[in-house]
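Trainee: I would like to go through this one with you. Can we start from the loops and then turn to the charged pairs?

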Amino acid sequence: MQAWQVHENGEPSEVMRLKDVASPTPGDGQVLLKVRAANINFPDALLCRGQYQVRPSLPFTPGVEICGETEDGRRVIANPALPYGGFAEYAVADAAALLPAPDALDDAEAAALHIGYQTGWFGLHRRAGLEAGETLLVHAAAGGVGSAAVQLGKAAGATVIGVVGGAEKAAVARELGCDVVIDRRATDVVAAVKEATGGRGADVIYDPVGGEAYTQSAKTVAFEGRIVVVGFAGGTIPSPALNHALVKNYSILGLHWGLYNTKNPKLVQHCHEQLTEQAARGAIKPLVSERVPLSGAAAAVQKVADGLTTGRIAVVMEEAA
């Protein structure tokens, strides 16, 4: 089979190599899956760089989220078990963690439903307790993680403010349903949020960026607001001033979605049922901005690493396409 492999750490476009390799052999409790589509996530870039919290032994195949097909023909969503990731014709995954792919979504959309939407659902509902009528601010609202949070926020009945970088991403954020869109390159984010909320601030802030975005969050969070820390795509991990959280009376909530797979897997299944129902009625639909063949995976991962994408890029196998 063909698979992309990383033999040394570095930038994805430089270290990913497409090779002919033997199909992986599933271990105990694992299954072999034919990959139909693989969604590209920022962690794939971090894996290539050797900067992710999980560091598989070299060589490995990146690709942490797929829509695959079981030997008996079922279409499923899975997180491949590294080192046999999803940027390949076949991958392996834990049998107990397979989830049915929603009928309402095609392969690329189904591959993009899992990590980003599960993270959004757990962050907004399980951690922050977002309620209808509240204001949700989403950083990087046109990106893969942010776009999921925007859709989930609208489905929950929130007023959604999206922060983006550039006019093209602003247009995407509006199409996603943001009630207010702020281009951080052209507008003072803090002033714009305060104007949009009448000076009150946002009840829930969803931050996959870190760095300056977190600084803006602390300045714009409302009384009894909640800042959900999802990641640090901006490259800088902030150091929160806890005295500020105390004086302003807001909460800082960390979210590592992957922990739920081991700490409370039943909640992951429940979340998937909720997401499947929302997809069936059209309340959510992953924004797949680009579909590329397997041969284009390395360049596509680099685009995600460089922050040049909107929504999701999916690697789609020719047969599935």
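Trainee: Where is the place of Pro 83?

Mentor: Pro 83 sits in the loop between β5 (75-78) and β6 (90-94). Strands here are DSSP runs of E, at least two residues, and helices are runs of H or I, at least four, numbered from the N terminus. This is a predicted model: local features need pLDDT of at least 70, side-chain atom pairs count only at pLDDT 80 or more, and totals for chains, interfaces and linings use all residues. Residues are numbered from 1 along each chain as its sequence is written, and side-chain values use heavy atoms, with hydrogens and water left out.

Trainee: What makes the bond from Leu 82 to Pro 83 cis?

Mentor: Its omega is about 20 degrees. The peptide bond from Leu 58 to Pro 59 is cis as well, with omega near -10 degrees. Pro 59 lies in the loop between α2 (42-49) and β4 (66-69). Most peptide bonds are trans.

Trainee: What is the phi of Ala 140?

Mentor: Near 55 degrees, a positive value in a residue other than glycine. Most such residues have a negative phi. Ala 140 lies in the loop between β8 (135-139) and α5 (144-155). Glu 224, not a glycine either, has a positive phi of about 60 degrees, and lies in strand β12 (residues 221-229).

Trainee: Why is Ala 140 called partly exposed?

Mentor: Its relative accessible area is 32%. Buried means under 20%, exposed over 50%, partly exposed in between (1.4 Å probe, protein chains only). So Ala 140 counts as partly exposed.

Trainee: How do you know that Asp 179 and Lys 154 form a salt bridge?

Mentor: The term needs a side-chain nitrogen of Lys or Arg within 4 Å of a carboxyl oxygen of Asp or Glu. The closest N and O atoms of Asp 179 and Lys 154 are 3.0 Å apart, so the pair qualifies. The pair links distant parts of the chain, 25 residues apart: Asp 179 is in the loop between α6 (167-176) and β10 (180-183), Lys 154 in helix α5.

Trainee: Is Asp 203 buried or exposed?

Mentor: Buried, because its relative accessibility is 5%. Its salt-bridge partner is Arg 200, at 2.6 Å, N to O. Arg 200 is partly exposed, at 47%.

Trainee: How many salt bridges does the structure hold?

Mentor: The structure holds 12. Arg 36, Glu 69, Arg 75 and Asp 107 are linked in a network of them.
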